[in-house]
Amino acid sequence: MLPRRRGVEEIPQPLTHLKCLECGTVNSRPFTGGDYVFKEVEERCPKCGASKMKIIGIYVEEERKTP
Amino acid sequence: MLDFLQVSGQQDLISVISSLIWLLFLMIFFIYPSFSQRLQLSYILRDLERRLQRLKVMRDEVRGKTVEVLRKYSGDGVKVDEELDKLLLSFMIAPESMDPYGIVYKLEHIVNTWEDVFEEHVKLICTKADEAWSKTLTNLVEVARGMDYLYRVVRHYYLLGRRTANIYIVLQIQMLMPQIMEIAEAYRRACYAFTQGQPIGDGVGVLAVAKLVEGLEKKTYQVAKDTIVHEFEMDGRRVFVLRAAGPGGAVGRPADGLLKILESERDKVKAVIMIDAALKLEGEETGKVVEGIGAAIGGIGVDKFKIEEISKKMNIPLYAFAIYQSIGEAITPMKKSIAKAADEVVEKVKKLISSKVDEGFSVIVAGIGNTVGIGIS
């Protein structure tokens, strides 16, 4: 098969992964300006409701390759 | 008078037509060798023109995005467009290598001066940006500069080839175009990463060492420009973790930091472990962690030279961990497989320290890479 001609590609947006400092629950949301890894943010934990969370990772989820 | 139908001694019209066709083929056979190259040249030029146009669109997009962000942080009365153009066309002259003695230190001096001047210029434009952001913005301008240079080089060869009708000039640039377009696309994506301060693939070395020290009792101090050290105890061994200070985009001066630690620790240091992103070969898995020996550090070679020199002088082994990724992945937002590789490296580094460094001695762990989007743990 001939290689597909590529147009202008969409730029994938990373997800910010946060860990609750109280219960340790990890959740993610789309990246927002000002986020950086190891930053402590005032966001509500979806599980225990605590207001302090730490960003433990910012990365792009990879597309799954079809076998 | 010669009868028209008596050409080549033939009498019927079909024979005359076939004779003429043969004559035409014969003419093409003799004319084609000189004509074919022109034909091929025009095809290549058309292909180059199409790609150059795409490159221009990408260059304009990156430039526009850079101007937009710089304007957001610029002071009143600053002509961002003009200032950006100055930065895009700025250059560095490499030292003379006819007599190579001492060239590394000359190169270091020139590169450091250029980097400082570049950063100062960005700070003058973006007076509203804080220290960390002005470093990330400097990286953004460097991306725009790289993209602009790429476009100008391709345009140069296209125009030169067209003006001189030299097929060999255009052929060379046409052969390189797939890789050039890939790099250009990486620059375009990198521009978006830097405008938002997102971690990039190259930062995996820094991320790994940041995870190594996370949550530990440690002493943190600056050891060189944009370079910090975390000092802590691990199973009776003193560990010095060297990295660039984040979350702004910086690579720091790891060699200078390493020299300073060695000056104070001297014979106590029994190993230097370096972690960096490495270019994978096509077909290899992104985020794969491989181990080796040597100074795992890229760039122009100054840091690598200095680290090798001191480690040889003091007879300290250099251990290296490399995390595979492509050139595009290194400068675009970090992928999950690369981020996960940082956890794997942490475990491997811990094992290496306990197996190669005896209790009571010290080890230096250097995380190499750009710290954009990676804070201090």
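In this predicted model, buried residues (under 20% relative accessible area, 1.4 Å probe, protein chains only) make up 48% of the 377 residues in chain B. Local features need pLDDT of at least 70 and side-chain atom pairs count only at pLDDT 80 or more, while totals for chains, interfaces and linings use all residues. Residues are numbered from 1 along each chain, chains are lettered from A in the order written, and side-chain values use heavy atoms, leaving out hydrogens and water.

As for its fold, chain B comes to ten helices and seven strands, taken as DSSP runs (H or I, at least four residues, for helices; E, at least two, for strands). Its radius of gyration, 29 Å, is well over the 21 Å of the globule rule for 377 residues, so chain B is more spread out than a compact globule; the radius is taken over C-alpha atoms, and the rule is 2.2 Å times the number of residues to the power 0.38. The C-alpha trace spans about 115 × 55 × 45 Å along its principal axes.

Turning to the interface, 22 residues from chain A and 27 residues from chain B are in contact, meaning heavy atoms within 4.5 Å. The two chains bury about 2,100 Å² between them, 57% of it on carbon and sulfur atoms; this is accessible area (1.4 Å probe) lost on being put together, summed over both. A:Ile11, A:Phe38 and A:Tyr59 supply 30% of what chain A buries against chain B, more than any other three residues.

There are two salt bridges between the chains (a side-chain nitrogen of Lys or Arg within 4 Å of a carboxyl oxygen of Asp or Glu). One of them joins A:Lys54 to B:Glu214, at 3.4 Å, N to O.

Technical notes. Buried means under 20% relative accessible area, exposed over 50%, partly exposed in between (1.4 Å probe, protein chains only).
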